[in-house]
Number of protein chains: 2
Amino acid sequence: MAKAVLILSGGLDSTTLMYDLLNKGIEVHAISFFYGQKHSKELECAHILCDKLNVPHKIIDLEVLNEVAPSALTRSEIEVPEGQYDSDNMKATAVPNRNMVMLALATAYAISIGANYVAYGAHAGDHTIYPDCRPKFVKHMTDAIASCDWSKVELLVPYLYMTKGEIVKVGLSLDVDYSSTWTCYKGGDKACGKCGSCTERLEAFAFANAVDPIEYETTEEESE
Amino acid sequence: MAKAVLILSGGLDSTTLMYDLLNKGIEVHAISFFYGQKHSKELECAHILCDKLNVPHKIIDLEVLNEVAPSALTRSEIEVPEGQYDSDNMKATAVPNRNMVMLALATAYAISIGANYVAYGAHAGDHTIYPDCRPKFVKHMTDAIASCDWSKVELLVPYLYMTKGEIVKVGLSLDVDYSSTWTCYKGGDKACGKCGSCTERLEAFAFANAVDPIEYETTEEESE
């Protein structure tokens, strides 16, 4: 049986990917990273879903990334920007080289448990904001991961050219429990509905003609 | 002035590279990783030399790598193998994907301080033992690092096709203080002189027609 290590954030994309891999008969081992992000509620959601789906779940503390390279997502004194996800100010939310660090550790884990794949949920919507979600970077990491060990590990990034709306459509067809996912970049009890991340999530559900099952602090109208 | 983040282990290769970069007028920021290795004396040596050369030195705890993928270098219950470095049993000393993890974090650090380069001391002698020291892997990581951020970081691996003996020759011409370097994989006060790593170090000094200034537990004859 094929085995995959999945980088699971607890957000829409990686959660959908978990259901997608399981649906293809792949044995999934989830790995999540805590790097001091304000939205650590993501990880609670990830854990709840893994429990529900009987997926082994490893949570790795990556405060070390904050130590070498602080960002708006991890430093309380830096404000999380509001508004559209594709605007320039969202670049402040980029954690330098976060994806390479997570992919490197996920690959180490894959080698140690004899997994065939490392899977992650990078998608088209992130390309303009995050350099380490671009196809070019993914291609180079695929090659690096394939050559880092005597055993052969393949990087799977099936949503690379899909929008978040298209991913939600896939997820709905797989009965993904989106009530146990988290996207908001702020640290509140309910999602803020205003940050770039919430805005993008709401647009994805609108694209899929579906209602987002989580609760929001504000309605969409208030946020405009 | 060009700026480089150097992955400094405290061993022969990376220490020589530090002197080499400084000699070329490059501003060096050293980063060392502690991942539970038995030979943590390497890091003390690294720190002493950075102090001496006025190089800022960051030590990063990477126990997380041990958490995802244990190896003979970090687990006390696994025996460190003795003998030639090129024999099969030395593969037990490989920490899965260690180099990708260290390169990823060094790159995050380089981005955050605006460095142009990440430098590391992979060399020809390691190619057959460690898959993540092979030119193929280095090439793919060079591409991945160049594409992981909007800023451009270049990976420097100048000793990739050199033997350890040739590196020591370069180091001697640069007056490298090899008395403050450490290579032995065991945790003793003096180097054991027997493990694959000591054997290789002694051969490198012999190649360079020089005497290794550090002390050994045993003489070479005793170890045969």
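This is a predicted model: local features need pLDDT of at least 70, side-chain atom pairs count only at pLDDT 80 or more; totals for chains, interfaces and linings use all residues.

I started with who touches whom.

Next came the geometry. Helix 6 of chain B spans residues 164-173, and helix 7 of chain B spans residues 196-207. I read an angle of about 55° for the pair, with the axes 8 Å apart. Helix 6 and helix 7 of chain B are therefore oblique to each other. The handedness of their crossing is right-handed.

**Entry: helix 1 and helix 6, chain B**

Helix 6 of chain B has another partner to look up, helix 1 of chain B. Their axes come within 9 Å and cross at roughly 35°. How is the crossing of helix 1 and helix 6 of chain B handed, left or right? I noted it as left-handed.

Helix 1 of chain B brings Leu12(B), Asp13(B), Thr16(B), Tyr19(B) and Asp20(B) to this contact. Helix 6 of chain B answers with Lys164(B), Ile167(B), Val168(B), Val170(B) and Gly171(B). I counted the classes as five nonpolar, two polar and three charged residues.

**Entry: helix 1 and helix 6, chain A**

I then turned to chain A for this pair. Helix 1 (residues 12-23) and helix 6 (residues 164-173) of chain A have axes that come within 9 Å and cross at roughly 35°. The crossing of helix 1 and helix 6 of chain A is left-handed. On the helix 1 side of chain A I wrote down Leu12(A), Asp13(A), Thr16(A), Tyr19(A) and Asp20(A). On the helix 6 side of chain A I have Lys164(A), Ile167(A), Val168(A), Val170(A) and Gly171(A). The class count for this contact in chain A is five nonpolar, two polar and three charged residues.

**Entry: the sheet of chain A**

In what order do the strands of the open sheet in chain A run? I read 3-2-1-4-5, five strands with parallel pairing. Strand 3 (57-61) and strand 5 (154-156) of chain A stand at the edges with a single partner strand each, so one side of each is left without a neighbour in the sheet. From one strand to the next, the twist averages 25°.

I checked one pairing here. Strand 1 (residues 3-7) and strand 4 (residues 117-119) of chain A pair in the parallel sense over three bridges. Leu6(A) stands opposite Ala119(A) of strand 4 of chain A. Helix 4 (residues 98-113) of chain A lies across strand 1, strand 2 (27-34), strand 3 and strand 4 of chain A. Helix 4 of chain A runs at about 155° to strand 1 of chain A.

**Entry: the sheet of chain B**

The open sheet of chain B has five strands in the order 3-2-1-4-5, with parallel pairing. Its edge strands are strand 3 and strand 5 (154-156) of chain B, and each pairs on one side only. The twist averages 25° from one strand to the next.

For chain B I looked at strand 4 (residues 117-119) and strand 5. They pair in the parallel sense over three bridges, and Val118(B) stands opposite Leu155(B) of strand 5. Helix 1 (residues 12-23) of chain B packs on the sheet and touches strand 1 (3-7), strand 2 (27-34) and strand 4 of chain B. The direction of helix 1 of chain B makes about 170° with that of strand 1 of chain B. Helix 4 of chain B also packs on the sheet, touching strand 1, strand 2, strand 3 and strand 4 of chain B at about 155° to the direction of strand 1.

**Entry: the two chains together**

Last, I superposed the copies. Chain B can be laid on chain A with an RMSD of 0.0 Å by a turn of 180° and a shift of 0.0 Å along the axis. That is why I wrote down a two-fold axis. The same surface serves both copies, with 100% of the contact residues of chain B recurring in chain A.

The contact takes 32 residues from chain B and 32 residues from chain A. On the chain B side, strand 3 (57-61), helix 3 (63-68), helix 4 (98-113) and helix 5 (135-146) each supply at least two residues. Which element of chain B gives the most to the side that touches chain A? I found helix 4 of chain B, with nine residues. By class, the side of chain B that touches chain A has 20 nonpolar, five polar and seven charged residues.

Note on methods. Residues are numbered from 1 along each chain as its sequence is written. Chains are lettered from A and ligands numbered from 1 in the order in which they are written. Copies are superposed by least squares on the C-alpha atoms of residues with pLDDT of at least 70 in both. Two residues are in contact if their C-beta atoms, placed from the backbone, lie within 7 Å. Helices (H or I, at least four residues) and strands (E, at least two) are DSSP runs, numbered from the N terminus. Ala, Val, Leu, Ile, Met, Phe, Trp, Tyr, Cys and Pro count as nonpolar, Asp, Glu, Lys and Arg as charged, and the others, Gly among them, as polar. Axes are lines fitted to C-alpha atoms, for helices over the stretch in contact, and angles run from 0 to 180 degrees between N-to-C directions. Angles under 35 degrees count as roughly parallel, over 145 as roughly antiparallel, 65 to 115 as roughly perpendicular and the rest as oblique. A crossing is left-handed if the near helix is turned anticlockwise from the far one by less than a right angle, and right-handed if clockwise. Two strands pair if DSSP finds at least two bridges between them.
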